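Hi,

Here is the structure I promised to pass on. Have a look first, and then read my notes below.

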Amino acid sequence: MSVNLIFKIAAVGILVTVLSQVLKHSGREEHAFMTSLAGLIIVLFWIVPYIYELFETMQKLFSL
């Protein structure tokens, strides 16, 4: 895992937090929830390949 991925996740987190707060204060709670959900899905798509690689490594390790 590279440091670049960690910075991208942090940037998405900051952006989603700011957008959610702006939307909540303007009375659009539904849009704020959808923004948070979209940020979570984006980050999950970035992390899933690393989780898959971890499970593959663990399977190879314990299959000996």
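Where is the place of Ser20? Ser20 sits in helix 1, where helices are DSSP runs of H or I with at least four residues, numbered from the N terminus.

Before going further, a word on the source: this is a predicted model, so local features need pLDDT of at least 70 and side-chain atom pairs count only at pLDDT 80 or more, while totals for chains, interfaces and linings use all residues. Residues are numbered from 1 along each chain as its sequence is written, and side-chain values use heavy atoms, with hydrogens and water left out.

Back to Ser20: with 7% relative accessibility, Ser20 counts as buried (buried is under 20% relative accessible area, exposed is over 50%, and partly exposed is in between, using a 1.4 Å probe and protein chains only). Setting aside neighbours within four places in sequence, Ser20 is in contact with Ala32, Thr35 and Ser36, contact being heavy atoms within 4.5 Å.

Now for the two helices. The axes of helix 1 (residues 3-25) and helix 2 come within 8 Å and cross at roughly 170°; axes here are lines fitted to C-alpha atoms, for helices over the stretch in contact, and angles run from 0 to 180 degrees between N-to-C directions. Helix 1 and helix 2 are therefore roughly antiparallel to each other, a label for angles over 145 degrees. On the helix 1 side, the contact includes Leu5, Lys8, Ile9, Val12 and Ser20; on the helix 2 side, Gly39, Val43 and Trp46 are among the residues involved. The residues of this contact divide into eleven nonpolar, five polar and three charged (Ala, Val, Leu, Ile, Met, Phe, Trp, Tyr, Cys and Pro count as nonpolar, Asp, Glu, Lys and Arg as charged, and the others, Gly among them, as polar).

Val12 is also in helix 1 and is buried, at a relative accessible area of 17%. Not counting residues up to four places away in sequence, Val12 touches Gly39, Val43 and Trp46. From Val12 to Ser36 is 24 residues in sequence and 9.8 Å in space, C-alpha to C-alpha.

Leu40 lies in helix 2 and counts as partly exposed at 47% relative accessibility. Phe33 belongs to helix 2 (residues 29-62) as well, but counts as exposed at 54%.

Cheers

Technical notes: Angles under 35 degrees count as roughly parallel, over 145 as roughly antiparallel, 65 to 115 as roughly perpendicular and the rest as oblique.
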